[in-house]
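Here's a quick briefing to go with the structure. Have a look at it first, then read on.

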Amino acid sequence: MSELPISLPPSYEPLRVEIVSRPDRVLVQVGGELDCDTGPDLFATLAPLAHRYVELDFSQVHFMDSTGLNILRSQRRASRRAGGDLCLLRYTPPVRRVLDVTRSFDYLTAPCDA
């Protein structure tokens, strides 16, 4: 009997969030995996910034599930109500796929209203 090769999933990469303040906007760089375990960390970072114009760089996010999507959608609504805005500038193919499947791409990548 021959053995079948086993394909192991990529190792879990914890969420990393870095805030870069600018005079008129805030850039939030996010990396790793955004899911039900790490989503609260991103929410805790974004919620206090609702009154600011926040640009998100997801170019290092390798996985995002519905938790991440829900955070992005709800934070964009909250930001607009608070006088700020939130938009997704850069993203990976896995993030783009989630946005496309849920028809959220245009909403979340539309430029921040300055």
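**Salt bridges and strands**

Arginine 16 forms a salt bridge with glutamate 13, and their closest N and O atoms sit 2.4 Å apart. A salt bridge here is a side-chain nitrogen of Lys or Arg within 4 Å of a carboxyl oxygen of Asp or Glu. This is a predicted model, so to speak with limits: local features need pLDDT of at least 70, side-chain atom pairs count only at pLDDT 80 or more, and totals for chains, interfaces and linings use all residues. Residues are numbered from 1 along each chain as its sequence is written, and side-chain values use heavy atoms, with hydrogens and water left out.

**Charged pairs**
- Arginine 16 is partly exposed at 39% relative accessible area, and glutamate 13 is partly exposed at 26% (buried is under 20%, exposed over 50%, partly exposed in between, with a 1.4 Å probe and protein chains only).
- Arginine 96 and aspartate 100 meet in a salt bridge at 2.9 Å, N to O.
- Both of these residues lie in helix α3 (residues 93-101), four residues apart, about one turn of the helix (helices are DSSP runs of H or I, at least four residues, and strands are runs of E, at least two, numbered from the N terminus).
- Salt bridges that share partners link Arg22, Asp24, Arg25 and Glu55 into one network.
- By this rule, the count is eight salt bridges.

**Strands**
- Strands β1 (residues 16-21) and β2 run antiparallel, joined by six bridges (strands pair if DSSP finds at least two bridges between them).
- Valine 17 stands opposite valine 30 in β2.
- Eight of the nine residues of β2 (residues 26-34) are buried, so the strand is largely enclosed by the rest of the structure.
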